[in-house]
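I am opening a notebook on this model and will write down what I looked up, beginning with the ligand and then turning to the sheets.

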Amino acid sequence: MMLTSAKPRNLHITGHPSFIACAKIILRRMANTVLQAKQLSWQVDGKNIINQIDFNLTKGETVAIVGPNGAGKTSLLKCLYGEYQDFTGSIFLKGKCLKSISTKHIAKQLAVVSQYTNSVFNLTVIDVVRMGLIPHKGLFESDTNSDLDQINHALNKVDLLDKKQQSFNTLSGGEQQRALIARAIVQAADILIMDEPTNHLDIYYQHQILKLAKTLNITLLLTIHDLNLAAEYCDRLVLMDHGKVVANAKPIDVLTPNTLKQVFNLDCFVDQNPFTNKPRITFAASAEQHERQV
Ligand SMILES: Nc1ncnc2c1ncn2[C@@H]1O[C@H](COP(=O)(O)OP(=O)(O)OP(=O)(O)O)[C@@H](O)[C@H]1O
């Protein structure tokens, strides 16, 4: 197989047809990679929290990072969206080294809905959603009619138009998540990162938030504990344990009894959800389980 030309779009590939097909798949994936980590590690007090992770996010995918408490899921996200800068290895956002991009530029590409925002926002819902405009505006620029239209459109999309003057802190957990998604819509980034978006939500809102995120038709990266929800809504799962990636594949290939036993130290049964045909996991928590090694 031979690849010529420096410009991926003009590449001329020669060789055996199977090599050519394989090369084309690899090149297409490379061209569509929006976020990439290479040999990413992050330490606290000399302890590896994230340990030599290679990670790829392709345009349009929905990927969940799953794994036990303390596995390093949130830390990985925080490195990937630029909150932690003291990592080793490299992170590329649309081909550019993350450390070389300004925060404003990152925010134009990547919106974040993270945990524990409640105490931060003593603002009305519309003010929280308006924050999505910040990366697109100058310091003292006031809102235009088109900005207000965008804000109202986003609030309408998440069904919070009637609560726009309400204090963010007084919203229910599900409504807060929806308000933060509205902020992300206004931010107009094409990658949305969500850290445990279904935390504290009842089963109806868990599905509602994930369905809403999917309707945005953007690239989604999230952390989630519920493996059945992950299987339901995600194209790919990255299973982490002790700061490392244990498996990285389609849900059906990651959610196997052997792999889950290895990571969660619980036996489980995997069959198909009768409504969606997606993998369904039932854990068997028996009295003889050994304590998990954390
Ligand atoms: N800023 C920090 N300082 C010290 N330790 C940290 C810090 N951030 C994370 N850790 C530690 O790193 C480990 C991984 O934490 P992280 O929040 O990334 O895990 P997680 O997989 O998201 O867990 P959970 O499912 O409980 O949210 C934990 O042991 C945590 O205590």
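**Ligand, then sheets**

I began at the ligand, where a backbone N or O atom of G72 lies 2.9 Å from one of the ligand's oxygen atoms, a polar contact being a pair of N or O atoms within 3.5 Å (within protein, one must be able to donate a hydrogen and the other to accept it, and residues adjacent in sequence count only if both atoms are side-chain atoms). I also found a polar backbone atom of T74 at 2.9 Å from a ligand oxygen, and one of A71 at 3.1 Å from a ligand oxygen. I then looked up the area: taken alone the ligand exposes 630 Å², and the protein buries 61% of that, with accessible areas from the Shrake-Rupley method and a 1.4 Å probe, where for residues only the protein chains shown count as cover.

Before going further I noted that this is a predicted model, in which local features need pLDDT of at least 70 and side-chain atom pairs count only at pLDDT 80 or more, while totals for chains, interfaces and linings use all residues. Residues are numbered from 1 along each chain as its sequence is written, and side-chain values use heavy atoms, with hydrogens and water left out.

Of the 14 residues around the ligand, I list N69, G70, K73, S75 and H225 as those that come nearest; a residue is near if one of its heavy atoms lies within 4 Å. The shell divides into 6 nonpolar, 6 polar and 2 charged residues, where Ala, Val, Leu, Ile, Met, Phe, Trp, Tyr, Cys and Pro count as nonpolar, Asp, Glu, Lys and Arg as charged, and the others, Gly among them, as polar. Its largest share, 3 residues, comes from α2, and helices (H or I, at least four residues) and strands (E, at least two) are DSSP runs numbered from the N terminus.

Between β3 and β6 (residues 88-93) I find 5 bridges, and Q36 stands opposite F92 in β6.

A further open sheet has 6 strands in the order β8-β9-β10-β5-β11-β12, with mixed pairing. Which strands stand at its edges? They are β8 (110-113) and β12 (244-249), each with a single partner strand, so one side of each lacks a neighbour in the sheet. Strand β11 (residues 236-241) pairs with β12 in the antiparallel sense over 5 bridges, and K244 in β12 is the bridge partner of D241. Helix α10 (residues 257-264) packs on this sheet, touching β11 and β12, with its direction at about 35° to that of β11.

Last, I looked at β13 (residues 267-272) and β14 (residues 279-284), antiparallel strands joined by 6 bridges, where D271 stands opposite R280 in β14.

Definitions and conventions: Two strands pair if DSSP finds at least two bridges between them. Contact means heavy atoms within 4.5 Å. Axes are lines fitted to C-alpha atoms, for helices over the stretch in contact, and angles run from 0 to 180 degrees between N-to-C directions.
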